[in-house]
Amino acid sequence: MSVIVAIKENGVIYMGADSQTTAGRRKRNYLNETAYKVARLDNGILVGFCGRVAAHQTILSMKDVFTLDERGELTKRHIVKKIVPKLVDKMEQIGDEESGSIDVGIMLAYKNKLYRITADLDVIHLNENGSDGAGRDLVNYVLFEMKNLPVRERILRALEESARRKESVGGPYVLIDTKDLEYEVVDMGGNNH
């Protein structure tokens, strides 16, 4: 599993994720753009994935899933009407048809909009910040109570807190935002956990 965190500040969404992948007893860190847990799409959407790597890769290989609406915006209505049905169409490859659940959680960021698509395909609009993955509940204090810290430090502290307390989460950490759309890899040394 993983952890992804996002913070909205001054009309920009800042995202960060760990780089660890766990398979059984094996842990690996993948630090190449094709394996990052937050993908940067050509249309400017950032898509974060937590869950089964095969489902993440299958979804990213599908054409025109994460699109913008006719006005060039990302809205909850568009996600529910256009994006979720495309995921449902591939349920046999990315989830469990019987339960209707996909094997990943998804975070979407575009300009100043932030959404989460749960494994059960619920779509949630996030106003200030968001998190997903195995370490999701371990980042709340940093995200909600440490608003005095600069956004980059807040994201790194949240990721570190999750990694310190969750075996399936670990750094180095990957950061990106909807303004610059450039990746930054941050190695926290012993605080990668």
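Predicted model: local features only at pLDDT ≥ 70, side-chain atom pairs only at ≥ 80, totals over all residues.
Reader: Which residue in the turn between strand 10 and strand 11 has a positive phi?
Author: These two strands form a hairpin with five residues between them. The positive phi, about 70°, belongs to Leu121.

Reader: And on the other side, which residue of strand 10 faces Ile106?
Author: Strand 9 and strand 10 pair in the antiparallel sense over five bridges. Their hairpin has two residues between the strands, and Lys111 takes a positive phi near 50° there. The strand 10 residue opposite Ile106 is Ile117.

Reader: Is strand 10 largely enclosed or exposed?
Author: Buried here means under 20% relative accessible area, exposed over 50%, and partly exposed in between (1.4 Å probe, protein chains only). Four of the five residues of strand 10 are buried, so the rest of the structure leaves this strand largely enclosed.

Reader: Where is the kink in helix 2?
Author: Helix 2 has 14 residues and reaches 19 Å from first C-alpha to last, close to the 20 Å expected at 1.5 Å a residue (the expected span is 1.5 Å times one less than the number of residues). Its kink is about 30° and comes shortly before the proline Pro85; a bend is the angle between axes fitted to the seven residues ending at a residue and the seven starting there. The kink sits at Ile83.

Reader: Which strands do the buried residues of helix 2 pack against?
Author: The buried residues are His78, Ile79, Ile83, Val84 and Leu87. Ile79, for one, is in contact (heavy atoms within 4.5 Å) with residues including Leu108, Tyr115 and Val123. Besides helix 1 and helix 3, the buried residues pack against strand 9, strand 10 and strand 11.

Reader: In what order do the five strands of the open sheet lie?
Author: The pairing is antiparallel. Strand 12 and strand 14 each have a single partner, so they stand at the edges. Across the sheet the order is 12-1-2-13-14.

Conventions. Residues numbered from 1 in each chain as written. Heavy atoms only, no water. Pairing = 2+ DSSP bridges. Lists of a residue's contacts leave out its neighbours within four places in sequence.
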